[in-house]
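Student: I have a two-part task today: look at a model, then ask about it. Can we start with the terms?

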Amino acid sequence: MPAPLERHAAPAGLRFAARLRLRAAILAGDAAALGSRLAGKGSGASIRGQVMTRIDPLAFRKLVKGRRIAAVSGTNGKTTSTHLLAAAVRAGVRDADRVVTNADGANLHYGIASALAKAPAADLAVLETDERVVKDLITHGAPEVLVFLNFSRDQLDRHHEIKALAQAWREALGDAGTSGPVIVANADDPLVVWASGTAHEVVWVAAETLWSADSALCPACGTVLTRTGGAGADASHWDCPGCDLTEPEAPWRVVGGRIVDPAGTAWDPELRVPGRFNVNNAACALAAAAVWGVPVETALRGMRTVEAPAGRFATATFGTTTARLILAKNPAGWAEALPLLETDPVVLAIDSVAADGKDVSWLWDVEYEQLAGRRVIATGPRAHDLAVRLTYAGVEHTVVPEPGEALAGHTAPVDVIATYTPFQKLLKMAGLR
Amino acid sequence: MSAPVEIVLVYQSLLGIYGDRGNAAVLVKRLQWRGIEAALRIVEPGQEVPATGSVYLLGGGEDAAQVSAVSALKADGNLFRALDRGAVLFAVCAGYQICGRTFTIGERDEVIDGLGLLDVTTRRGPERAVGEILTRWARPDGSQSLITGFENHGGFTTVGPDAAPLATVEVGVGNGDGSEGAVQDNVIGTYPHGPVLARNPDLADHLLERALGHGLDPLPLPELDTLRAQRFAHVRGRR
Ligand SMILES: [Zn+2]
């Protein structure tokens, strides 16, 4: 049953000494964040959290207590989905200041603590949560709603951790029992379905997904999964012949770019963020908002105000060049991003520091062949790896290692897809963060 | 007109999670660029492995995928028949491990019988090997070629008397004892991804020449020379 968004009587009280220490930690964190901003080192969200946690190691736990929390996790689409859900919730309450969210995408303990510290009076928190922080958030924050978007391979050099993470989620949900969150989860993703298997209540969403290459085997028993219908097709369905894990029936569905709610009404989302994967993200956000009692129409009204969440899909200017910036962090992200490209040439920026994944073998899991006939400008520290990949894919290209140069002097708009690090650098270069 | 040379990518969805499918794309293109007709065959679990391939490829994957692949390949049998008639098998990482006599999976190091195509055994190493790797490969003609790639494996491999190491490690871990990979008859196993044949054209052409039974014309690719020079400098600079 949807719980209406009434204000809790009072945030759960902390003892005086605990409150005092948290207060000191927040003041020190504010000072550090200000210093970081003045030094031009970004928003300071992470440094604020670090300093706070040094002074009060329990800051994260104290700050998540006493709020009503909706959290969003998964490999791809967390930031955009969090923005969509926060906008939906804001539309559903009279006073938008009641809602706090970590809008900048800082989604580890520090980033979450930092966002919460800045809004002590907000009683509703919509939190983007890194996959590695989900367990702690369930244990200490008692979220009411938790959205699991997908669980695809992120960085190749970290892949062996994914199943262990899903196992950790299972344990945390099992331990939380009926006081645990209502899960809103993507029924298309076998690992998400398995990870959600210990939750007391799950609202399934059937998305339209282009990527299924990461889930050949049953996460429960190791049997090869069977799939009917084509990948991404509305009719596609997966099942494990070895155990009872199977694609659940979903009350929320995405069909042909429209979102069908449990009553059977099809909604045209009319989002300002592009791409079919964002319709999937919106469907999950709508289902989560509904758990908090926000009607679809109201939620959509809020979601339609979301334009460039944390710079994703932002239009930026570099000298005379107008560029649209698209982030793709892994093969699943690239599969969804490449069809969005509208310009000729396009700029693709590749790096391989820790945040991008140190192993760029994934370039060969992306179907760059679909760019044939278009000119690609390969840029970033690993531009030559991309160049070799494009040569084998038969795609015309040039290599301009420096992103600033790659973006200079275009007379028509260019679309840019970048991995995490060059994406952040481009936002900064354009003055967007 | 002879039939196209078949490059067979075996169980891509099980053993292909580290971009190793690129090895197949590279082999096909290097044949086609030389005017040799080539076809890529992708075989998924549940489908019969074609017996007519010239080069068979296995890639990296997780523990459960290794077990599934071994039992499916043994039940199918066509890979063994193809190797008997002279086809080449090139196996990377988890694919390399399953070609051996035994390997281990899981936290409790359960010992699993491999395909027995390489005289190697794999056991869990002291720590996971993750990072760029550079090795020296002694080619059959006596010359040396550098192999660059990215390794990511928990198993360390011991090469027995019936096989020989493929290369010597300059930077990285490889088999764990200073050697890297293994060769036995027409089976080659190695740890690096990259994918390794994309970064190492000499190795790619060696596989093709061995499978075809004749030499191939050189194929200059300046971009690839630049990439190799970058990777050598990077990995040596970090030592
Ligand atoms: Zn199963």
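Tutor: Helices (H or I, at least four residues) and strands (E, at least two) are DSSP runs, numbered from the N terminus. This is a predicted model: local features need pLDDT of at least 70, side-chain atom pairs count only at pLDDT 80 or more, and totals for chains, interfaces and linings use all residues. Residues are numbered from 1 along each chain as its sequence is written, chains are lettered from A and ligands numbered from 1 in the order in which they are written, and side-chain values use heavy atoms, with hydrogens and water left out.

Student: Where is A:Ala310 found?

Tutor: Phi of A:Ala310 is near 45°, a positive value in a residue other than glycine. Most residues other than glycine have a negative phi. As for its place, A:Ala310 is found in the loop between α10 (296-303) and β12 of chain A.

Student: Is A:Ala310 buried or partly exposed?

Tutor: Buried means under 20% relative accessible area, exposed over 50%, and partly exposed in between (1.4 Å probe, protein chains only). The relative accessible area of A:Ala310 is 22%, so A:Ala310 is partly exposed.

Student: And B:Cys93, buried or exposed?

Tutor: B:Cys93 lies in the loop between β4 (88-92) and α4 (94-99) of chain B. Its phi is near 60°, a positive value in a residue other than glycine. The relative accessible area of B:Cys93 is 5%, so B:Cys93 is buried.

Student: Which side chains of strand β12 of chain A are buried?

Tutor: Strand β12 covers residues 315-318, and its side chains alternate.

Student: Which residue is the bridge partner of A:Phe318?

Tutor: Two strands pair if DSSP finds at least two bridges between them. β12(A) and strand β13 (residues 321-327) of chain A pair in the antiparallel sense over four bridges. They form a hairpin with two residues between them. In β13(A), the bridge partner of A:Phe318 is A:Thr321.

Student: What is the omega of the peptide bond that joins A:Asp344 and A:Pro345?

Tutor: Most peptide bonds are trans. A:Pro345 lies in the loop between α11 (331-337) and β14 (346-349) of chain A. The bond from A:Asp344 to A:Pro345 is cis, with omega about 10°.

Student: How far is the backbone oxygen of A:Leu127 from a polar atom of the side chain of A:Thr129?

Tutor: A:Thr129 lies in the loop between β3 (124-128) and α6 (134-141) of chain A. Its relative accessibility is 1%, so A:Thr129 counts as buried. From the backbone oxygen of A:Leu127 to a polar atom of the A:Thr129 side chain, the distance is 3.0 Å.

Student: Which residue of chain B forms a salt bridge with A:Arg382?

Tutor: A salt bridge is a side-chain nitrogen of Lys or Arg within 4 Å of a carboxyl oxygen of Asp or Glu. The count between chain A and chain B is one. The closest N and O atoms are 3.9 Å apart, and the partner of A:Arg382 is B:Glu132.

Student: How many residues of chain B are in contact with chain A?

Tutor: Contact means heavy atoms within 4.5 Å. On the side of chain A, 24 residues take part. On the side of chain B, the number is 35.

Terms used
Polar contact = N/O pair within 3.5 Å; in protein donor to acceptor, adjacent residues only side chain to side chain.
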